[in-house]
Amino acid sequence: MKPTDTSNPDYFHKVVDCQWACPAHTNIPEYIRLIAQGRYADAYLLNRESNVFPGILGRVCDRPCEPACRRGRVDEKPVAICRLKRVAADNRGDISKRLPQIPKQKNGKRIACVGAGCASLTVANDLMPLGYEFVIFEKQHEPGGLMRTNIPAFRLPAQVLTEEIDMIVDMGVDLRLNQPISSMRTLLQQGFDAIFVGSGAPRGKNLDIPGRYDDTAHVHIGIDWLESVAFGHINSIGKRVLIIGAGNTAMDCCRSSLRLGAHDVKVMARKPLSMTKASDWELEEAVEESVEMVECHSPKEFVIKNGRIAGMLFEVMEYQDDHGKLKSRVVAEKFYPADDIVLAIGQENAFPWIESDIGIELDKWHVPVVDKTTMQSTRPGIFFGGDSAFGPKNIIWAVEHGHQAAISIHKYCHGEDLTDRLAYAMNLTSTKMGIHEWSYSNSFDPSVRRLVPHVSLKERFKKINIEVELGFSAEQAQVEVERCLNCDIQTVFFAPLCIECDACIDICPTACLTITANGDEDELRGRLKAPAENRQQPLFVSAALKQTGRVMVKDEDQCVHCGLCAERCPTAAWDMQRSVLKIPYAGDQNPQPAPQRRTA
Amino acid sequence: MSFMQKPKVSHSQRLHNELGLSLRDYEGSMSTLCAGCGHDSITAAIIQAFWELNIEPHKVAKMSGIGCSSKTPAYFLSQAHGINAVHGRMPSIATGANAADRNLYYIGVSGDGDSLSIGLGQFIHALRRNLNMLYIIENNGVYGLTKGQFSASADVGSKAKKGEVNLQPPIDPAIAALTLGGSFVARSFSGDKAQLVPLIKAGIMHNGFAMLDVLSPCVTFNDHEDSTKSYAHTRQFYHPAVHADFIPSKQPIRAAYDNGDAMPVELHDGSTVVLRKVSKDYNPTDRAQAYSYLHAHQKRGEIVTGLLYIDEAQREMHELSNTVGQALRDLPYSELCPGSAALEELQSQYC
């Protein structure tokens, strides 16, 4: 193999599995260290830089970081990253003075946003400090978009939502509530310099099977129903409820039903539960509340008796894997009685307000054609983000779309090329403090993942807005932070210094280092000290070593970043260096590269 | 040394030997030696060898004297027995322990100071009585614990860190062992585990005194440019003469050995050492030839390594003195100490 090019920022970035997996590339290990030091406000602000809504995401993020977490590969359970984020948010204190300053002198550019959800708010958050003026049009009487209407208050309290939205609105955003946009053409005529559409994917999918329209009062579309619940328009439901679909919306629907008077709630999945799109933790929480999960049941008919819904008839399915394709077959039919039925089978984009002749191209699913990098539609100056761009994803993706759209809008308003974007950069600084001292907690803590305390099952149903998760106590957080392996403290190798004494190889607790003759990757992976079986994780290969011409190989898969290789290295050929990913945001200039501290 | 313990991460314990033990189960406490010390590498090789041999750690006795090398038994096989003896006197203690229980595996770890200076007399007598043990000399040419004075194995012309030149000729433990009738003479290098681990295994299974001289650079006091015991110098003048492959008794020997390149030697317990010779004219069972080969290459400044000489037929101490097969603690007390009447009867034979 060729020597690994660690000057490419992607190499060390990928070692930080959580940060690599996060759409917004939040610097997770660094904020966990700040929490460990009790610097909650600093941790919060570091979070806010990339993900804008730490308090909200600390509760309801989709957490792509956690399945990626190295700790999950080393000893089963990942670090409770999301819960730690909440610790920072809950304990941050007053940070209002540390938020970006908004210039009084504006730059004369006016931007319109459609929808006051997380994507639009992120764009405003990035551009307000640069002197832009923002008008956000929102059809509801409160901002927040799907965060407010679709996430029940028992998971995300309204106060948390309001606080973090206000941080942005208070920058001076002209937020126009109760003002739905019904025509893009009219909006275009108002003379904005750019328009950002962050209106979400607001249409719940329907299930058009017999009986659907015979008792519409008791058949609900999931996301619309959740919205009505959120705004207090609905405050009761029948005793027996069937939720059709088993995604995260279904989990919110079933748990909301329990809080509105239902006793017998079943989630009906068409496929096996192992294939559900719901997050594990949301599924677990629903099961904890005695929601019954019924799998392999495909809806056939709404059953109506005396003009009122009586239940639903299902086809019981059997699935077989046929060369990677899932084959289904009906094995039986079964009737489930119900007083109410909630459809939570997905949602889609809807743009009835975008005229077809104004240059915004829609594809065959009536979704706008949006550039994945610039977030610009086919009409220059109109940008999309969040669910409205590429269909339903999640909050953290919407935030990242917002950041990218903000960069584009800034360039667009200054007549710059949208595709000429700053690249990610990486800065490395040594963490060496003394002969065997590092500026991070390098010892491996074998503690198991802490469980977050919940409000008791007796208490939590008393009101619809009792937040179920209590968040970590200070003691729990102190243990959980130490579980983080500090993957951003990189093992940096200087081949010319190595004397091949084997000290690093002998001490490595996970046998991830080998000095051996070079070879091609497949062959090399097989003859390392511990075979490198996880091909998702790269091998680091050094330049040829001075004394024997062999190479140092590191399998990145299992490294616990304990720094023992560097402690045992007599020539400091290994060093533990903190990597900081420089993420470009709107208005950033090309930074001068940091001077190289050490020449090999 | 490090302030923290080597973490026990589950991944590192997933490979198991026939006893169901992981490599980590053969470790000891954290080393307090200097970072990069060759001794730590030898420790790792010992751990690897015992693990691969499927030897239960409590069936092993670790013996050592004084010095950096002699600290290392603390760093492997924490479940084994061990004595850290007086400086240079480890061979006597090992003889006593072996006399009392011949059924343990004995491994002695000594250094060039412990074995070639203060303990030279002890070392050569243990060798002479062919005590059944593996005797490793971790050889770095300096007294590391007292800050780098030349030891008895320092080469003529080698410079100390501050510049003094060594003028006295070295004692070469391999040549000493050959001339004194050693039954197993080997040399290796801490930086070459591929060679070292099989040699340790063969030495453990050899029936008699297995002398293994391991060049083990002192990174702190003897790894500079003008040292002849540095990593760089050792690699430059490295001359492997014989590769030894250790094959446990249960495994069939598959390879065919033609043209005298390889030579299988069966050990006492049925396992085999296959000697693959780098130079065809070298015969590791011919003492005189081994001596002259070593001598010739030493003159050229080369470091000859490998299993240099082996004679599995030599009788070890217990066989020479016709002692019982059991450990003394397993003998019934009446046999171990037959009483004063028996003593008198014995003495009356000499009247």
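**Close-ups of a two-chain predicted model**

**View 1. The buried helix α3 of chain A.** In α3(A), the buried residues are Ile28(A), Pro29(A), Glu30(A), Tyr31(A), Ile32(A), Arg33(A), Leu34(A) and Ile35(A). "Buried" means that 20 or more other C-beta atoms lie within 10 Å of the residue's own, "exposed" means 12 or fewer, and "partly exposed" is in between, with C-beta atoms placed from the backbone. Helices (DSSP runs of H or I, at least four residues) and strands (runs of E, at least two) are numbered from the N terminus. This is a predicted model, where local features need pLDDT of at least 70, side-chain atom pairs count only at pLDDT 80 or more, and totals for chains, interfaces and linings use all residues. Residues are numbered from 1 along each chain as its sequence is written, while chains are lettered from A and ligands numbered from 1 in the order in which they are written. What do the buried residues of α3(A) pack against? They pack against α2 (17-21), α4 (40-51), α6 (65-68), α8 (81-90) and α19 (474-483) of chain A. Here, two residues are in contact if their C-beta atoms, placed from the backbone, lie within 7 Å. After α3(A) comes Gly38(A), with a positive phi near 75 degrees.

**View 2. Helix α3 of chain A against helix α4.** The axes of α3(A) and α4(A) come within 7 Å, crossing at roughly 165 degrees. That makes the pair roughly antiparallel. Angles under 35 degrees count as roughly parallel, over 145 as roughly antiparallel, 65 to 115 as roughly perpendicular and the rest as oblique. An axis is a line fitted to C-alpha atoms, for helices over the stretch in contact, and angles run from 0 to 180 degrees between N-to-C directions. The crossing of α3(A) and α4(A) is left-handed, meaning that the near helix is turned anticlockwise from the far one by less than a right angle (clockwise would be right-handed). Glu30(A), Tyr31(A), Leu34(A) and Ile35(A) of α3(A) make the contact with Tyr40(A), Asp42(A), Ala43(A), Leu46(A) and Asn47(A) of α4(A). Sort the residues of this contact by class and you get 6 nonpolar, 1 polar and 2 charged. Ala, Val, Leu, Ile, Met, Phe, Trp, Tyr, Cys and Pro count as nonpolar, Asp, Glu, Lys and Arg as charged, and the others, Gly among them, as polar.

**View 3. Helices α14 and α15 of chain A.** Helix α14(A) (residues 248-259) packs with helix α15(A) (residues 280-288) at an angle of about 20 degrees, their axes 10 Å apart. That makes these two roughly parallel. α14(A) passes α15(A) in a left-handed crossing. Which residues meet here? Asn248(A), Met251(A), Cys254(A) and Arg255(A) come from α14(A), and they meet Glu282(A), Leu283(A) and Ala286(A) in α15(A). By class, this contact has 4 nonpolar, 1 polar and 2 charged residues.

**View 4. Asn178 of chain A in its loop.** Look for Asn178(A) in the loop between β3 (174-176) and α12 (184-188) of chain A. Is Asn178(A) buried or exposed? It counts as exposed, because it has 10 C-beta neighbours inside 10 Å. The C-alpha atom of Asn178(A) is separated by 49 Å from that of Ile489(A), which is 311 residues apart from it along the chain.

**View 5. Helices α3 and α5 of chain B.** Over in chain B, the axes of α3(B) (residues 90-100) and α5(B) (residues 120-128) come within 8 Å and cross at roughly 35 degrees. The contact brings Pro91(B), Ser92(B), Ala94(B) and Thr95(B) of α3(B) together with Gln122(B), Phe123(B), His125(B) and Ala126(B) of α5(B).

**View 6. Where chain B touches chain A.** This contact takes 22 residues from chain B and 26 residues from chain A. On the chain B side, α1 (38-52) and α8 (231-236) are the elements giving two or more residues. The largest share of that side, 4 residues, comes from α1(B). By class, the chain B side has 10 nonpolar, 8 polar and 4 charged residues.
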